Amino acid sequence: MTVTAVRKDPQRLTLTIDAEFDASVERIWQLWADPRKLERWWGPPTYPATFTKHDLAPGSRIEYHMTGPAGDQPHGYWDVLEVEPPHRITLRGGCGNAEGAPNVDVPISTIRVTIEEAAQGRTRMSIENVFPSTDAMEQALAMGTDEGQSQAVSQIDAILAEQTIQR
């Protein structure tokens, strides 16, 4: 299974999704760097993502929306804070409206992505969500962020398998 751990730490105000893949660090990095690959897995299967703006450079903004089964389209954005290819990304993200303006009713969180070599040619990826308060963390968990991110990451193995077959 791709996802190896889902950790909720109310003391540190973090939600962390850990996963391991039979792929190189560079291949996992490309899942973030290439918006067409990113939209194949970001978002749970019933809410696939479409990235409308994607520049993985510090100071830029990434914008996307997910399309639900009923046609609803919640929007999101990430402000890119730090990028260290192919190992680290730090983003500040939240929900937005169709024009890209932040939705102030939903808390902003910081997302720290770490990609590192693991044993025997495997790669470990960790996505840590850091919330500004207990209320913000509880609101995100009530929205299903933990389950949604786990389902999203669980889609990566199928993408990697396709890429291996195409080579």
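## Briefing: a predicted chain of helices and strands

From the N terminus on, the elements run β-β-α-α-β-β-β-β-β-β-α-α-α. That order holds five helices and eight strands. Helices (H or I, at least four residues) and strands (E, at least two) are DSSP runs, numbered from the N terminus. This is a predicted model: local features need pLDDT of at least 70, side-chain atom pairs count only at pLDDT 80 or more, and totals for chains, interfaces and linings use all residues. Residues are numbered from 1 along each chain as its sequence is written, and side-chain values use heavy atoms, with hydrogens and water left out.

**Overall shape and surface**

- The chain has 167 residues and a radius of gyration of 15 Å, which agrees with the value near 15 Å that a compact globule would have. The radius is taken over C-alpha atoms, and the globule rule is 2.2 Å times the number of residues to the power 0.38.
- Along the principal axes, the C-alpha atoms fill a box of roughly 45 × 35 × 30 Å.
- Buried residues make up 45% of the 167. Buried means under 20% relative accessible area, exposed over 50%, and partly exposed in between (1.4 Å probe, protein chains only).
- Take the contacts in the chain with a separation of 6 or more: residues 24 or more positions apart account for 47% of them. Contact means heavy atoms within 4.5 Å.
- The accessible surface of the chain is about 8,600 Å², and carbon and sulfur atoms hold 50% of it. Accessible areas come from the Shrake-Rupley method with a 1.4 Å probe; for residues, only the protein chains shown count as cover.
- The chain carries 15 positive and 24 negative charges, and their mean positions are 4 Å apart. Lys and Arg count as positive and Asp and Glu as negative, while His and the chain ends are not counted. Each charge is placed at NZ of Lys, CZ of Arg, CG of Asp or CD of Glu.

**Backbone exceptions**

- Most residues other than glycine have a negative phi, and most peptide bonds are trans.
- Pro-85 and Pro-86 are joined by a cis peptide bond, with omega about -5°. Pro-86 sits in the loop between strand 5 (75–84) and strand 6 (88–96).
- Leu-13 is not a glycine, yet its phi is positive, at about 60°. Leu-13 belongs to the loop between strand 1 (3–9) and strand 2 (14–21). With a relative accessible area of 18%, Leu-13 is buried.
- Gln-120 is not a glycine either, and its phi is about 55°. The loop between strand 7 (109–117) and strand 8 (123–130) holds Gln-120. Its relative accessible area is 81%, so Gln-120 is exposed.

- Helix 3 (residues 134–142) has Ala-136, Met-137 and Ala-140 as its buried residues. Seen down the helix axis, they fall within an arc of 100°, so they line one face of helix 3. The arc is that of the directions from the helix axis to the C-beta atoms.
- An α-helix has 3.6 residues a turn, so residues three or four places apart point the same way.
- On the other side of helix 3, Asp-135 and Ala-142 are exposed.
- The cover over the buried residues of helix 3 includes strand 1, strand 2 and helix 4 (145–153).

- Thr-90 is part of strand 6. Thr-90 counts as buried, at 12% relative accessibility. Leaving aside neighbours within four places in sequence, the contacts of Thr-90 are Asp-79, Val-80, Leu-81, Glu-82, Thr-110, Ile-111 and Arg-112.
- Gln-151 lies in helix 4. Gln-151 is partly exposed, with a relative accessible area of 31%. Not counting residues up to four places away in sequence, Gln-151 touches Pro-44 and Pro-45. From Gln-151 to Pro-85 is 66 residues in sequence and 25 Å in space, C-alpha to C-alpha.
- Arg-36 is in helix 2 (residues 35–41). Arg-36 is partly exposed, at a relative accessible area of 45%. Arg-36 and Ala-49 are 13 residues apart along the chain, and 9.7 Å separates their C-alpha atoms.
- Val-104 is in the loop between strand 6 and strand 7. Val-104 counts as exposed, at 76% relative accessibility.
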